[in-house]
Amino acid sequence: MNPSEDVLDLRVRRTYKFLWEALMSLLEERDLESITVAAICERAMVHRTTFYKHYEDKYGLLYHGIEDELNALFEAHDFAVGKPLEMDQEADMMARFVTVFEHVLKRERFYRLMFTGDSFSKFNTLLRKSLAERFERRLRLEEKSAATPVTLHAQLQAAAMVTMIAWWVENDCQYTPLEMTELLRSHLATRFHFGESKH
């Protein structure tokens, strides 16, 4: 990439940052349906023609932002398939769960808006689907026999995690990431035989 391309890339990223921050701030004030592209551009101090160079409408901006946030989440806890486990399987998964909750806590504003808004059932579905895919890959690496099919087991784990994240955020993150992980661990151990309960 040459210097001119670097400058262009920086401008694009800066424009996206301004637009995304504007959308997030507007979502704290009103529902998505009442937010216009004009309002986003005014808040971001970005011309509407620039907006439409990158996005078809406000939903395009929203979905781009959601995709970025989910990519950051999965990068943070490294659900890379095929990575050797550095500890026993249960401890490895629990460490990953802690990282998920830590990441959500750092981006609490975004997750609060996604989980408490009226128009974000798609976000819940996307997050659950993405988590389930990664849990399934990890479970298949373990190659353990279980009464529950791997695909269903992964879906149940993902649904439990999304439900707990939503509840946690809606209740002002009163528990620490480690405490939430222990609650999730206890739930999974009881319901889906994920490890043995310590109690």
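## Exercises around helix 8

**Exercise 1.** Take helix 8 and check its length: what should its 21 residues span at 1.5 Å a residue, and how far apart are its end C-alpha atoms?

*Solution.* Start with the rule: the expected span is 1.5 Å times one less than the number of residues. For the 21 residues of helix 8 that gives 30 Å. Now check the ends: the C-alpha atoms there are 30 Å apart, so the two values agree. Bear in mind that this is a predicted model. Just past the helix, Asp172 takes a positive phi of about 60°.

**Exercise 2.** Is His153 buried or exposed?

*Solution.* Next, look at its relative accessible area, which is 10%. Buried means under 20%, so His153 counts as buried. As for what lies across the chain, the C-alpha atom of Leu188 is 9.9 Å from that of His153, though the two are 35 residues apart in sequence.

**Exercise 3.** How do helix 6 and helix 8 cross, and which residues meet there?

*Solution.* Angles from 65 to 115 degrees count as roughly perpendicular, so that is the label for helix 6 and helix 8. Then pick out the residues: helix 6 brings Glu108, Tyr111, Arg112, Phe115 and Thr116, while helix 8 answers with Val162, Ile165, Ala166, Val169 and Glu170.

**Exercise 4.** Zoom out: what is the secondary structure of the chain, and where is confidence lowest and highest among its helices?

*Solution.* Count the elements and you get 9 helices and 0 strands. Of the 199 residues, 40% count as buried. For contacts between residues at least 6 apart in sequence, 63% join residues at least 24 apart.

Now for confidence. The chain has a mean pLDDT of 82, with 79% of its residues at 70 or more. Helix 2 (residues 37–44) comes out highest at a mean of 97, and helix 9 (residues 177–192) lowest at 81. Two stretches stay under 50: residues 79–83 and residues 194–199.

Key
Residues are numbered from 1 along each chain as its sequence is written. This is a predicted model: local features need pLDDT of at least 70, side-chain atom pairs count only at pLDDT 80 or more; totals for chains, interfaces and linings use all residues. Side-chain values use heavy atoms; hydrogens and water are left out. Buried means under 20% relative accessible area, exposed over 50%, partly exposed in between (1.4 Å probe, protein chains only). pLDDT is the predictor's confidence in each residue, from 0 to 100. Helices (H or I, at least four residues) and strands (E, at least two) are DSSP runs, numbered from the N terminus. Contact means heavy atoms within 4.5 Å. Angles under 35 degrees count as roughly parallel, over 145 as roughly antiparallel, 65 to 115 as roughly perpendicular and the rest as oblique.
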